[in-house]
Amino acid sequence: MLNISEQFKGKKPLITYISGGDPSLEMTEKIIYRLQDEGVDIIEIGIPFSDPLADGPVIQAASQRALENGTSLKKLIAKIKDIKANVKVPIVLMGYYNSVLNYGEHQFAKDISEAGISGVIIPDLPVDERAKLTEELKAKGVSQILLVTPNTSEKRLEEIAAKCSGFLYCVALLGTTGDAREPYPELEGYLNRVRRFSGDLPLGLGFGIDGPEKVKKIINYPDGIIIGSALIEAIQIGNTETEMLNNAGEFVREIKRAIKDYS
Amino acid sequence: MSRGYFNEFGGRFVPETLIPALDELEEVYLELKEDPDFKAQLKSLLADYSGRPTSLYYAEQLSSHYGGAKIYLKREDLNHTGAHKINNTLGQILLAVKMGKKRIIAETGAGQHGVATATVAARFNLDCQVYMGTEDIERQALNVYKMEMLGAEVIPVTSGTQTLKDATNEAIRDWVTNVEDTHYIIGSVVGPHPYPMMVRDFQRIIGDETREQIMKKEGRLPDYILACVGGGSNAMGIFYPFVEDKEVNLVGIEASGSGIESGKHAATLSAGRVGVLHGSKSYLLQDEDGQIIPAYSISAGLDYPGVGPEHSYLKTIERVEYQSATDMEAVNAFRLLSEKEGIIPALESSHALSYLEKLAPELDSTAIIVVNLSGRGDKDINNFKKIREAEADA
Ligand SMILES: Cc1ncc(COP(=O)(O)O)c(C=O)c1O
């Protein structure tokens, strides 16, 4: 499997999120190819879930569309395994703990490592919950990417950084995904505080980064950025598959340019 | 038992943003719980504002109708706002004030918890917003008017199944976004730690009073205690003080809607599997992919695909027996209590009452059953049309 932290060497990577199976798994495959061709550095793929409580309306709707056409975690992993040879950037699965628990933590770790998936993000599984998942992922060499938020205590930052691998996901504000308000007012101080504990772990900043203007405001502080809702919205505006893919391409180009111009 | 768990059930499966708020809540709660001033303030509010103790009423007519055991009703319906929900909201509003929060949010299904929350928010002068599924807004219209009258804003939830599950998702999202100035008053023994423990502690007054009252009236503990189970707060409240008394049989009654075989039900403990929803690990209704299956019940307060983690624990250790009642069985019990005793019960509580039909005739006249009458049925009068239709279909 491809290495996540490698992607942070010598550049500030663009990490993008799409919902697996939205609007179909075939389309997910095509979007993956387009994103990597346009220079996306890491691709997060959402596991659709009926009750995504850390997500705002855009990703909720995307998740719903995926479920309506019959996407399941099994099918999603099988798809990624199928196209493994064509995927050139690390793939990270992002989803809710019930999906993993229901699949079986051991089986999940085994199947995703065989599918070449590099990392996992579970926003509703805090570091101190009893879950076998951490050990299972470690045994398979899959990164477990953990989240910190602007209100995370120093004691927890230390604990989270110690158990996190790949990169540390810094949530930009107190809110759900797609929350387009301004990032946390003391973003610089927040990320500096995180860095006191994060050692070699690169910091990815995400939630509410919705375009070049926002990128300009924040790009100085993290080591990479994560964009989900805004990309999904851009894709959704397309009326045909071609339009959707072109929109994805154009969106990524704009963001990549902003990262380069303002870094 | 490690922190926040009842054996394998419970925990705090929430976004990291909420961890500091849950830590603070737990700390403040554990501190206040032992604080004499807090205890005195809560006690006086429960007595003078809500009207506690609620009575333990010997339902003579109902008992003789079944011709078996002596049936007592724990009259939580006599509380201010008409249900047990206020026991919890009074406790939590005091915590919110102590923590300096400016704003209260809540989720509601039947609207009873929403009304109980709007009531205490009015009393303590805090802003209040209540999330409620649009389906429930329709079937519990009276409670929507009440909440608005009390100065709360009812926010319609149109996502998912537009019922309690989705209202809870929205409330959690709101809390993630406004965690610094907002306290989330969860309405049942569900959610992340410390809620299941804390809400149970606020509701255990039901069981504590019942014990004292039945000892006074009968000189012994009851043989059976029955309570309906949605999230499980009225049941935990009446069961908890009796858990160690092995001679007292505890029976929780879930809603089986159109029947468990029909797939349209809310019988989480009877027909669900272990998973994680709304911050805790417990039984829940889910499909083979782990997607939550929408619950169904005629009663909005029981229409929930999850259940409090302590109930899952009490089920696995076989201390509590979990049964279920269909819409029709509940409607029959609703009518029967109204006609025999002149008490109109909530449809939720009617599920517990309906189990008497199976149990009471089997017992002799020396046996004692206590039913937790968790709420009154005013809010359900609007449902009468639906109820008549259900009867016509039968
Ligand atoms: C009267 C009444 N009883 C019971 C319930 C179910 O909740 P719980 O199982 O937490 O007691 C409700 C919920 O709205 C209710 O209004």
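Biologist: In which loop of chain B is B:Pro194 found?

Modeller: B:Pro194 is found in the loop between strand S8 (182–184) and helix H9 (195–203) of chain B. Helices (H or I, at least four residues) and strands (E, at least two) are DSSP runs, numbered from the N terminus. This is a predicted model, in which local features need pLDDT of at least 70 and side-chain atom pairs count only at pLDDT 80 or more, while totals for chains, interfaces and linings use all residues. Residues are numbered from 1 along each chain as its sequence is written, chains are lettered from A and ligands numbered from 1 in the order in which they are written, and side-chain values use heavy atoms, with hydrogens and water left out.

Biologist: What is omega for the cis peptide bond that joins B:His193 and B:Pro194?

Modeller: For that cis bond between B:His193 and B:Pro194, omega is about 10 degrees. The peptide bond from A:Asp22 to A:Pro23 is also cis, with omega near 0 degrees; A:Pro23 lies in the loop between strand S1 (14–19) and H1 of chain A.

Biologist: What is noted about the phi of A:Phe207?

Modeller: A:Phe207 has a positive phi of about 90 degrees, although it is not a glycine. Most residues other than glycine have a negative phi. A:Phe207 is in the loop between strand S8 (203–206) and helix H9 (212–218) of chain A.

Biologist: Which polar side-chain atoms lie at 3.0 Å and 2.7 Å from an oxygen atom of the ligand?

Modeller: One belongs to B:His84, at 3.0 Å, and one to B:Ser233, at 2.7 Å. A polar contact with the ligand is a pair of N or O atoms within 3.5 Å, so both pairs qualify. A polar backbone atom of B:Gly230 is 2.8 Å from an oxygen atom of the ligand.

Biologist: What are the angle and axis separation of helices H4 and H5 of chain B?

Modeller: Helix H4 (residues 85–98) and helix H5 (residues 112–123) of chain B pack at about 40 degrees, with axes 9 Å apart. Axes are lines fitted to C-alpha atoms over the stretch in contact, and angles run from 0 to 180 degrees between N-to-C directions.

Biologist: Which residues of H4(B) make the contact?

Modeller: Those of H4(B) include B:Ile86, B:Leu90 and B:Ile93, and those of H5(B) include B:Ala116 and B:Val120. Contact means heavy atoms within 4.5 Å.

Notes:
A polar contact is a pair of N or O atoms within 3.5 Å; within protein, one must be able to donate a hydrogen and the other to accept it, and residues adjacent in sequence count only if both atoms are side-chain atoms.
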